[in-house]
Amino acid sequence: MFEKLHALEMRFDELNNLLSQPDVIANQAKFQKLAKEHASLKKIVDTFQIYRKNIEALSENEVLLKDKTQDKELLNLAEDERKEIQAKLEKIEFDLKTLLIPKDPRDEKNIILEIRAGTGGEEAALFAANLFRMYSKYAEQQGWRIETMSRNVTGKGGFKEIISSFEGKNVFSFLKYESGTHRVQRVPETEASGRIHTSAVTVAILPEAEEIDIEIDPNDIKVDIFRSSGPGGQSVNTTDSAVRMTHISTGITVSCQDEKSQHKNKAKALKVLRARLLDAEERKSREERSSERKAQVGSGDRSERIRTYNFPQERITDHRLGLTIYKLSSVMDGNLDELLEKLQIHFQAEAMKQRESNELSSSEPRKVLHRALDRV
């Protein structure tokens, strides 16, 4: 780890020099690229420098503690200081390990949010609407823009399916662990006897794909135009503006009918199709690395049951964390910060374990560490 930190520090100094050169400043594309790299390294380098200062302070402290001619009260103060510095070093080292975890290149992307009712009929559809409201409220708090791409509404106002885009800063990084099966336990509005029912809804968080991310051959797309319909199948539009887009090679189908304009529905359908195709490619890659995938967690597999919402007990349980909190009403109102922060910490820790395991399996890990510590 320390050898890598030294290399990053040298690169940071090199970037400082490059960004001050006239030829780089004149080339805006190159300048912006280097500035972005500089910004991504700054926090790591600043934290490493703080770590080194604490190492130096600890070294001076230990010299003082070895001097038995010193006053006993001064030695006691030095011992307290040593414990304080060691605690700081542990935290800073954890921070450095976290900062060195490779960034997910998709973190900065917008998302396509897909929510579908599963087992539970009308009750599942109503809960799908509740979840969409929850994510929408959270998006409002973050200042994100929401656009509905497609929805299939039931007679009671639930959603058999709703697809929306969320646009803003680092949207995927916040919501990427929400993919999976969400289970609800509550008394349905349709239940006269007051029995608690269990229903399920699936959530998919797909990073929005740009044209550069995935290329689609127009000849590989079949487009069908039809008339929009509402709950129960009744016609809600007198023109043929709804669009069904099928990717022939994969069989992936997307339908959009929310807009009155056929052109706008086509654009939305293509946006969703592109995101689904990118997701399918990434899933295929993960499956090809099956042995590696088994060692990882939080893959975003939508078949995985991730959370239970128990309304009678005001309880939410996230099964991946083994975490239970009794703030259901607050969470359903979009107050997701506590839950999402704990998920990020959990998966960062898992990624760190995986990284450390890989480092230990490399050649001469102890010698490398000792050489690095000598330089620190």
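This is a predicted model: local features need pLDDT of at least 70, side-chain atom pairs count only at pLDDT 80 or more; totals for chains, interfaces and linings use all residues.
User: Which residue of β10 does Arg307 stand opposite, and how many bridges join strand β9 (residues 305–310) to β10?

Analyst: Strands β9 and β10 run antiparallel, and 4 bridges join them. The hairpin they make has 4 residues between the strands, and within this hairpin Glu314 takes a positive phi near 55°. Across the pairing, the residue of β10 that stands opposite Arg307 is Asp318.

User: Which residue in the turn between β10 and β11 has a positive phi?

Analyst: β10 is also joined to strand β11 (residues 323–325), by 3 bridges in an antiparallel arrangement, and in this pairing Thr317 stands opposite Thr324. The two strands form a hairpin with 4 residues between them, and the turn residue with a positive phi, of about 70°, is Gly322.

User: How many aromatic pairs does the structure hold, and what is the angle between the planes of Tyr138 and Trp144?

Analyst: The structure holds 6 aromatic pairs. One of them joins Tyr138 and Trp144, with the ring centres 5.6 Å apart in an edge-to-face arrangement. Both residues are buried, and the angle between their planes is 80°.

User: Why does the pair of Tyr177 and Phe347 tie together parts that are apart in sequence, and how many residues separate them?

Analyst: Tyr177 and Phe347 form a stacked pair, at 4.3 Å centre to centre and with 25° between the planes. Tyr177 lies in the loop between α6 (171–175) and β4 (180–186), whereas Phe347 belongs to helix α10 (residues 337–360), so the pair ties together parts whose separation in sequence is 170 residues.

User: Which residue lies over the face of Phe311?

Analyst: Phe311 is part of a cluster in which ring pairs link it with Phe127 and Tyr309. Elsewhere, the charged end of Arg52 sits over the ring of Phe48, 4.8 Å from its centre. For Phe311, the residue lying over the face, at 4.8 Å from the ring centre, is Arg186.

User: How many of the residues of strand β5 (residues 197–207) are buried?

Analyst: β5 pairs in the antiparallel sense with strand β1 (residues 111–117) over 7 bridges, where Leu113 stands opposite Ile205. Another 7 bridges join β5 to β4, again antiparallel, and there Val184 stands opposite Ser199. The strand is mostly covered, and its buried residues number 8 of 11.

User: Is Glu189 buried or exposed, and how far apart in space are Glu189 and Glu123?

Analyst: Glu189 is found in the loop between β4 and β5, and its relative accessibility of 72% is why it counts as exposed. Leaving aside neighbours within four places in sequence, Glu189 is in contact with Glu123 and Leu126. Glu189 and Glu123 are 66 residues apart in sequence, and their C-alpha to C-alpha distance is 7.8 Å.

User: Which element gives the most residues to the largest nonpolar core?

Analyst: The largest nonpolar core has 36 residues, and those with the most contacts inside it include Leu113, Leu131 and Phe166. Elements that give two or more residues to this core include β1, β3 (159–167), β5 and α10. The one that gives the most, with 9 residues, is α5.

User: Which residues does Leu131 contact beyond its neighbours within four places in sequence?

Analyst: Leu131 is among the residues with the most contacts inside the largest core. Once those sequence neighbours are left aside, its contacts are Ile115, His182, Val201, Val203, Tyr309 and Met332.

Methods. Residues are numbered from 1 along each chain as its sequence is written. Side-chain values use heavy atoms; hydrogens and water are left out. Two strands pair if DSSP finds at least two bridges between them. Rings of Phe, Tyr and Trp (its six-membered ring) pair if their centres lie within 6.5 Å; planes under 30 degrees apart count as stacked, over 60 as edge-to-face and the rest as tilted. Buried means under 20% relative accessible area, exposed over 50%, partly exposed in between (1.4 Å probe, protein chains only). A charge sits over a ring if NZ of Lys or CZ of Arg is within 6 Å of the ring centre and within 35 degrees of the ring normal. Contact means heavy atoms within 4.5 Å. A nonpolar core is a set of buried Ala, Val, Leu, Ile, Met, Phe, Trp, Tyr and Cys residues joined through side-chain atoms within 4.5 Å.
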